[in-house]
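Have the sequence and the model side by side as you read.

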Amino acid sequence: MLTQTQVRRYSAQSGHRDMMIAEKEVVLTFLLQLLSERGILGRLAFKGGTCLRKMFIGSQGRFSTDLDFTGLGEHDHEDVILRGCDENWRRRPNRSEL
């Protein structure tokens, strides 16, 4: 669970003054990390405004809460996401992963 201390620490380090934005930014980053660790980003490309902000512009860019992806191959993209979630997210993280 995300604590207010973690959000405040991220807010101070990133320069986000709005705690709600800082909290959403932490959650988006965590979700992207999970998608990567579970191998889902190997089949999908992260794109769009949030990608540009997170990869190139940084915390000064316009904040948005959506994550845009496109498929990287000849497969059913919906199936990639659903299968990835079903296979990988049923597993509960170990304490060391939290």
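In which helix is Ser11 found? Ser11 belongs to helix α1. Keep in mind that everything here comes from a predicted model. With a relative accessibility of 8%, Ser11 counts as buried, because the cut-off for that class is under 20%. Setting aside residues up to four places away in sequence, Ser11 touches His16, Arg17, Met19 and Ala22.

**The overall layout**

The protein has four helices and two strands. Starting at the N terminus, the order of elements is α-α-β-α-β-α. The protein has 98 residues, of which 22% count as buried. Of the contacts between residues at least 6 apart in sequence, 54% join residues at least 24 apart.

**Helix α2, from end to end**

Helix α2 covers residues 19–37. How far apart are its end C-alpha atoms? They are 27 Å apart, and this agrees with expectation because 19 residues at 1.5 Å a residue should span 27 Å.

An α-helix has 3.6 residues a turn, so residues three or four places apart point the same way. With that in mind, look at the buried residues of α2: Ala22, Glu25, Leu28, Leu32, Leu34 and Leu35. These buried residues pack against helix α1 (4–14), strand β1 (44–47), helix α3 (49–57) and strand β2 (68–71).

| Helix pair | Angle between axes | Axis separation |
|---|---|---|
| α1 and α2 | roughly 100 degrees | within 9 Å |
| α2 and α3 | about 95 degrees | 13 Å |

Let's take α1 and α2 to begin with. Their axes cross at roughly 100 degrees, and that makes α1 roughly perpendicular to α2. On the α1 side, the contact is made by Gln4, Val7, Arg8, Tyr10 and Ser11, and on the α2 side by Met19, Ala22, Glu23, Glu25 and Val26. Sorted by class, the contact of α1 with α2 has five nonpolar, two polar and three charged residues.

Now for α2 and α3, which pack at an angle of about 95 degrees. These two helices are therefore roughly perpendicular to each other. From α2, the residues Glu25, Leu28, Thr29 and Leu32 meet Thr50, Arg53 and Lys54 of α3. The contact of α2 with α3 divides into two nonpolar, two polar and three charged residues.

Is Leu28 buried or exposed? At 9% relative accessibility, Leu28 in helix α2 counts as buried. Leaving out neighbours within four places in sequence, Leu28 is in contact with Thr50, Arg53, Phe63, Ser64, Thr65 and Leu67. The C-alpha atoms of Leu28 and Lys54 are separated by 9.9 Å, although these residues are 26 places apart along the chain.

Over in helix α3 you will find Gly49. At 43% relative accessibility, Gly49 counts as partly exposed. The C-alpha atoms of Gly49 and Thr65 are 9.7 Å from each other, with the two residues 16 apart along the chain.

Terms used:
Residues numbered from 1 in each chain as written. Predicted model: local features only at pLDDT ≥ 70, side-chain atom pairs only at ≥ 80, totals over all residues. Heavy atoms only, no water. Expected span 1.5 Å × (residues − 1). Buried < 20%, exposed > 50% of the residue type's maximum accessible area, 1.4 Å probe, protein only. Contact = heavy atoms within 4.5 Å. Axes fitted to C-alpha atoms, helices over the stretch in contact; angles between N-to-C directions. Parallel < 35°, antiparallel > 145°, perpendicular 65-115°, else oblique. Nonpolar A, V, L, I, M, F, W, Y, C, P; charged D, E, K, R; others polar.
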